[in-house]
Amino acid sequence: CYALCMAQFVTRLDDRLVEEVDAMVADGAVANRSEAVRLGLERLIDQHRRFQTGQEIAEGYRRRPQTDEELAGLDQATHALVEEEPW
């Protein structure tokens, strides 16, 4: 049932990419080709979501920039935090 409940993607890959994926399988980095594709898609989706979130945050600051009052003292506070670190 597991395989029947999941969508299947069919795609074409060039020989170089297939060889690279097969080498990862042989090295034990991934269990099989399907896992490699799933991991790649998950990472691509995560990267895209993070980019979208960054865009939304930036747009929020463009719509409502921080005021001088909100920014006051941030440099001093940052320097104080860095100086407290034991490094």
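Lys and Arg are counted here as positive and Asp and Glu as negative, while His and the chain ends are not counted; the place of each charge is taken as NZ of Lys, CZ of Arg, CG of Asp or CD of Glu. On that basis the protein has 10 positive and 18 negative side chains, and the centres of the two sets lie 10 Å apart.

The structure is a predicted model, in which local features need pLDDT of at least 70 and side-chain atom pairs count only at pLDDT 80 or more, whereas totals for chains, interfaces and linings use all residues. Residues are numbered from 1 along each chain as its sequence is written, and side-chain values use heavy atoms, with hydrogens and water left out.

**Overall form**

The protein has 4 helices and 0 strands, where helices (H or I, at least four residues) and strands (E, at least two) are DSSP runs numbered from the N terminus. The radius of gyration of the protein, taken over C-alpha atoms, is 23 Å, well over the 12 Å that the globule rule gives for 87 residues, so the protein is more spread out than a compact globule; the rule itself is 2.2 Å times the number of residues to the power 0.38. Along its principal axes the C-alpha trace spans about 55 × 40 × 30 Å. Of the 87 residues, 3% count as buried, with buried meaning under 20% relative accessible area, exposed over 50%, and partly exposed in between (1.4 Å probe, protein chains only).

**Charged pairs**

A search of the whole structure finds 4 salt bridges, each being a side-chain nitrogen of Lys or Arg within 4 Å of a carboxyl oxygen of Asp or Glu.

| Acidic residue | Basic residue | Closest N to O distance |
| Glu59 | Arg62 | 3.1 Å |
| Glu70 | Arg64 | 3.6 Å |

Asp46 and Arg50 both lie in helix α2 (residues 33–63), 4 residues apart, or about one turn of the helix; Asp46 is partly exposed at 36% relative accessibility, whereas Arg50 is exposed at 59%. Glu59 and Arg62 are 3 residues apart in helix α2 and are likewise separated by about one helical turn.

**A negative patch**

Asp14, Asp15, Glu19 and Glu20 form a negative surface patch, a term for residues with over 30% relative accessible area and no salt bridge, in which like charges are joined within 9 Å and nonpolar side chains (Val, Leu, Ile, Met, Phe, Trp, Tyr) within 5 Å. Glu20 lies in helix α1 (residues 15–27) and is partly exposed, at 47% relative accessibility.

Definitions and conventions: Areas by Shrake-Rupley, 256 points an atom, 1.4 Å probe, with all protein chains shown as cover.
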